[in-house]
Amino acid sequence: MSFFTEPNRVRAKEIVARYPRPKSAILPLAHLAQDQDGWLSAAAMDEIAELTEVTAAEVQGTCSFYTMLKRRPCGKLVVSVCTNVTCLVTGGPEILEHLEEHYATDPEVTVEEVECLAACGGAPSMQVNYEFHEKLTAETAQGIVDEYRTGSRKARTISGSVVQP
Amino acid sequence: MIDQELRIVTKRLHERPDDSWTIDGALASGAYETLRAVLAKGDPADVQEQVKASGLRGRGGANFATGQKWSFLPADLFPRYLVVNGDEGEPSTFKDRMLVERDPHQLIEGIIVSAFAIQCNKAFVYLRGEFALGYDRLTRAIDDARAKGFLGENILGSGFDLELVVHRGAGAYICGEETALIESLEGERGMPRLKPPFPAIAGLYAKPTVVNNVETLSTVPHIVKMGGAAYAEIGVNKSTGTRVVAISGHVKKPGNYEIEFGCTFRDVIYGFAGGIRDGHELKFFLPGGASFQWLTDRDEHLDAIYDIDFVQQNLGTTLGSGAVMVFDDSTDPLLVAWRLAKFYAHESCGKCTPCREGTGWIEKVLYRMSHGFGRPEDLDLLISVGAGISPNVATAPFTQTTLCPLGPSVVSPIASLDKYFREEIAERLSADAGARA
């Protein structure tokens, strides 16, 4: 029983073929696994190891380095709030605190503090599943997350891919 | 006061705000015409000569001459790779994200022209993982460019082939360092390599590799079109051309401005960015991203010429990634230094001991200093720990005990605190200590 669905196995093999060495495909395949499953499980990493012709330990070694790869189940919405310096002096920490508190018991929403998102011109900023939102207050930020929560805004996957219709 | 942009790489995205990223919008505003001309002429050495003559220096942060970087490739050694550094993560820098999201065809044209110049047939764009919209638009643009015959085999009948792959990162600042980027692209943890060998000799898959920044390559078609000598006329001294300067913080008009080298920091902050928000005065600013030393409201800083070498030789800092972060008199410099240290501690890859250990301890000390728990000797303690990572603290981050400049960069805020805020900090630390006694 393979981890990837049949269409995703086909995609995975196309991705591996882009590179002179299969191991290069670890990150794109990890993103693909997250698109499919909502996180990066051990079963997913085992199959990535098979597809990239390395050991599962090597895949885990690589994947554990990167913050976008979630090796534990998380919410369907990953809310990334920047608190680096420009956001620090324009209200980022207050937004983070409000969202963390508001969604503390909501299993669908994972709020995380992140480093500079390259949106300092519109600070304070956040991403929801890697969609940018800028010039926020605690209230507008919560409003945006709620719109994703109820489906009135369409969210990307937790790896930031557009959901295929 | 200078406040007018000179738009070269940001021209299309401003002129066509609704469709600059589409193939139709790009073609209607001259995209790929330079590529056609270059392939029709069929002379890679000429493209290299134009880029050399232009004086173009890398826009990622190191300001190294692009033409010279290309010339380090060993002759007749193939395959070779062109890797595009789109892993923009330097705090306060947001220019490459704009160039990828809003003008991907300009970047693709730059990649093809540059790949032709260095005779490489496979190129990779390493794009920061968080740039989801940028990824959508860039991959779409590549598909459209391929459909028009600008990518793939026998491009426009010239006999030149190029495959272009977009590779998404997954959240690691260190992958913006070129050897860490190569490691990451090979499927490894993003840890910098010992140099030499430099990537030009043994880079991606141990093959000769050129790593260039997004803005650098986006500029190449314009240089080839106008001629290297004409481009070198723009700017000042050895800082030729324009720079997309990302201005943020306590200014009235934060944003990206394409600025001709040669104005002053006063023009950047008070001209382009409209000055400090009402009711406040400038306190200090970071002239080149988070990794380099700060400047203040002194006239000698504000009137300094926006010129890579002038700033480096006279002010002990650099223009780095082209980002200017501005802080007014409401800002606590210790809090900013602490948050920067927290960033470096989080992003340290852990390979070199001075950085792995030093960034963490510096963050802890700066935390207590900025949160009312400081001790009078703390600034000297920071300098002592910092010297373990960047031995000549006063010139940080330009000396290093580490493989890459990440660790030494945490010492830049410390050197800046020491230079400009020592008295303010000393008073505050003794007051905090007194309040606890």
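Axes here are lines fitted to C-alpha atoms, for helices over the stretch in contact, and the angles between their N-to-C directions run from 0 to 180 degrees. The model described below is predicted.

**A helix pair in chain B**

In chain B, helix α6 (residues 95-102) packs against helix α10 (residues 214-226) at an angle of about 50°, and their axes lie 9 Å apart. Because angles under 35 degrees count as roughly parallel and those from 65 to 115 as roughly perpendicular, α6(B) is oblique to α10(B). On the α6(B) side the contact is formed by B:Lys95, B:Asp96, B:Leu99 and B:Val100, which meet B:Val214, B:Glu215 and B:Ser218 of α10(B).

**Where the chains touch**

Between the two chains, 38 residues of chain A are in contact with 42 residues of chain B. On the side of chain A that touches chain B, α2 (26-37), α4 (56-63) and α5 (85-88) each supply at least two residues, and the largest share, five residues, comes from α2(A).

**The nonpolar core**

The largest nonpolar core has 185 residues, and those with the most contacts inside it are B:Val83, B:Ile112, B:Val268 and B:Phe285. Helix α15 (residues 333-347) of chain B gives the most to this core, namely nine residues. Leaving aside residues up to four places away in sequence, B:Val83 touches B:Phe124, B:Tyr126, B:Leu181, B:Ile182, B:Leu185, B:Leu204, B:Thr209 and B:Val211.

Key: Residues numbered from 1 in each chain as written. Chains lettered and ligands numbered in written order. Predicted model: local features only at pLDDT ≥ 70, side-chain atom pairs only at ≥ 80, totals over all residues. Helix = DSSP H or I, 4+ residues; strand = E, 2+ residues; numbered from the N terminus. Parallel < 35°, antiparallel > 145°, perpendicular 65-115°, else oblique. Contact = placed C-beta atoms within 7 Å. Core = buried A, V, L, I, M, F, W, Y, C linked by C-beta atoms within 7 Å. Buried ≥ 20, exposed ≤ 12 C-beta atoms within 10 Å, placed from the backbone.
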